[in-house]
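Subject: Structure handover

Hello,

Please find the structure below, with notes on what was found in it.

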Amino acid sequence: MLSSKKLSGLAEDLLSNPLFAQAFASALQKGLETKGAFDRNVANVLWLLNLPSRADLGKLMTKLDVLQGRLANLEVKVDKLVTAEKRRRRASRRSGSGDASA
C-alpha cells in the first residue's frame, strides 16, 4: 500500500514528465467534453419526456426566491398600513370622545 507521501511523490514525478502531462491534460479535456455531451443528451431526453432538467429547476428556484422577496416586502408594507390605520382609529376615537365630553 502506498503512503500519502509516496503517492504524492509519484504524482509529482508523473506530472513533471511533459509527455505524461500532455496525455493527462488531453484525457481530462476529452472527459469534460464527454460529460458536456452527456449532460446535453440527458437534458434533451428530459425535455422529450416533458420532465424538468436541473437547469429548469434552478430557474424555477430563482423565480421563487424573487417572488418570496416580493411577498416579504408586500407583507411589511401591509403591516405598516394596518398599524397606521389602527393609530388613526385610536386617534379618531380619542378626539371624538374628547369632543363629546366638552
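The largest share of the lining of the largest pocket, four residues, comes from H2. Helices in these notes are DSSP runs of H or I with at least four residues, numbered from the N terminus. This is a predicted model, in which local features need pLDDT of at least 70 and side-chain atom pairs count only at pLDDT 80 or more, while totals for chains, interfaces and linings use all residues. Residues are numbered from 1 along each chain as its sequence is written, and side-chain values use heavy atoms, with hydrogens and water left out.

The pocket

Helix H2 covers residues 18–48, and both H2 and H3 supply at least two residues of the lining of the largest pocket. By type, four of the lining residues are nonpolar, one is polar and two are charged. Here Ala, Val, Leu, Ile, Met, Phe, Trp, Tyr, Cys and Pro count as nonpolar, Asp, Glu, Lys and Arg as charged, and the others, Gly among them, as polar. The volume of the largest pocket is about 150 Å³. A pocket is an open set of points on a 1 Å grid over the protein atoms alone, where a 1.4 Å probe fits, with protein on both sides within 12 Å along at least five of seven lines; lining residues have an atom within 4 Å of a point. Grid points are joined across faces, edges and corners, and the volume is the space filled by probe spheres set on the points.

Helix H2 and what follows it

The 31 residues of H2 should span 45 Å at 1.5 Å a residue, and this agrees with its end C-alpha atoms, which are 45 Å apart. The expected span is 1.5 Å times one less than the number of residues in the helix. At the start of H2, a side-chain oxygen of Asn-17 comes within 3.0 Å of the backbone nitrogen of Leu-19.

Just after H2 comes Asn-50, with a positive phi of about 60°, although Asn-50 is not a glycine. Asn-50 sits in the loop between H2 and H3. Its relative accessibility is 70%, so Asn-50 counts as exposed. The cut-offs, with a 1.4 Å probe and protein chains only, are under 20% relative accessible area for buried, over 50% for exposed, and partly exposed in between.

Salt bridges

There are three salt bridges in the structure. A salt bridge is a side-chain nitrogen of Lys or Arg within 4 Å of a carboxyl oxygen of Asp or Glu.

Lys-35 pairs with Asp-39, and their closest N and O atoms are 2.6 Å apart. These two residues are four apart in helix H2, so about one helical turn separates them. Lys-35 is partly exposed at 49% relative accessible area, and Asp-39 is partly exposed at 35%.

Glu-85 meets Arg-88 at 2.6 Å, N to O, and meets Arg-89 at 3.1 Å, N to O. Arg-88 and Glu-85 are three residues apart in helix H3, about one helical turn. Glu-85 and Arg-89 are four residues apart in H3, again about one helical turn. The relative accessible area is 30% for Glu-85, which is partly exposed; Arg-88 is partly exposed at 49%, and Arg-89 at 47%.

Ser-95

Helix H3 runs over residues 54–101 and holds Ser-95. Ser-95 is partly exposed, with a relative accessible area of 40%. A polar atom of the Ser-95 side chain lies 3.1 Å from the backbone oxygen of Ser-92. Between Ser-95 and Met-61 there are 34 residues in sequence and 51 Å in space, C-alpha to C-alpha.

Regards

Technical notes: A polar contact is a pair of N or O atoms within 3.5 Å; within protein, one must be able to donate a hydrogen and the other to accept it, and residues adjacent in sequence count only if both atoms are side-chain atoms.
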